[in-house]
Amino acid sequence: MKKEPKFRPKPGQVDFTGIRYCPVINCVVKYGRKILVVQRSSGMRLYPGYWNGVSGFLDDQRSLEEKVRDELGEELGIRKKNILAIRLGQIFHQEAPKYQKTWIVHPVLVTVDTDVVTLDWEAQNYRWLMLKDVKQLKLLPGFDRVLGSFFNK
């Protein structure tokens, strides 16, 4: 089990560790009729073992599209050339009393032309599934709402 490294902000990056309201992206990656879910590593500080999309803090001045491309590259090994479309859904707040946070969730639907994935340390497993099968997993709180932004319930 790999433990999450201590966060050290880069120049221009915001450290949300002690901040209540945190803007984040949560990406639903779609290939054909299937969507990708990743199981967060057991060494993660937040929501270990939960299934989710690819997520990340909006903690610098990069555009949403740049952040999405960077997160997919880092966490999945998916290159910019493999991203066909990026679409933002309805932003919402997700309360997380356990972590004393309010996540300002930016749902993003990312259509890709490959199902080849190389995970980094943040995830311990992944699956390409139909939507109905995703809903059977132990999902990160609010991920069902992210999915609902793009797919009929």
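From the N terminus on, the elements of this chain run β-β-β-β-α-β-β-β-β-α-α. That comes to three helices and eight strands. Helices (H or I, at least four residues) and strands (E, at least two) are DSSP runs, numbered from the N terminus.

A word on the source. This is a predicted model, where local features need pLDDT of at least 70, side-chain atom pairs count only at pLDDT 80 or more, and totals for chains, interfaces and linings use all residues. Residues are numbered from 1 along each chain as its sequence is written, and side-chain values use heavy atoms, with hydrogens and water left out.

Now the overall build. The C-alpha trace spans about 40 × 35 × 30 Å along its principal axes. Of the 153 residues, 46% count as buried; buried means under 20% relative accessible area, exposed over 50%, partly exposed in between, with a 1.4 Å probe and protein chains only.

Next, the rings. The whole structure holds five aromatic pairs. Rings of Phe, Tyr and Trp (its six-membered ring) pair if their centres lie within 6.5 Å; planes under 30 degrees apart are stacked, over 60 edge-to-face, the rest tilted.

Look at Tyr47 and Tyr50. They pair edge-to-face, 5.8 Å centre to centre, with 85° between the planes. Which of the two is buried, and which partly exposed? Tyr47 is buried, at 8% relative accessibility. Tyr50 is partly exposed, at 24%.

Tyr47 also pairs with Tyr99: the centres are 4.8 Å apart and the planes at 70°, so this pair is edge-to-face. It links distant parts of the chain, 52 residues apart. Tyr47 sits in the loop between β2 (34-40) and β3 (51-52), Tyr99 in the loop between β6 (92-96) and β7 (101-112).

Back to Tyr50. Lys138 lies over its face, 4.3 Å from the ring centre. A charge sits over a ring if NZ of Lys or CZ of Arg is within 6 Å of the ring centre and within 35 degrees of the ring normal.

Elsewhere, Phe16, Phe57 and Trp103 form one aromatic cluster.

Last, the largest pocket. How many residues line it? The lining has 46 residues, and Ser55, Gly56, Phe57, Glu71 and Glu122 lie nearest the centre. A pocket, on a 1 Å grid over the protein atoms alone, is an open set of points where a 1.4 Å probe fits, with protein on both sides within 12 Å along at least five of seven lines; lining residues have an atom within 4 Å of a point. Elements giving two or more residues to this lining include β1 (21-31), β4 (54-57) and α1 (64-76).
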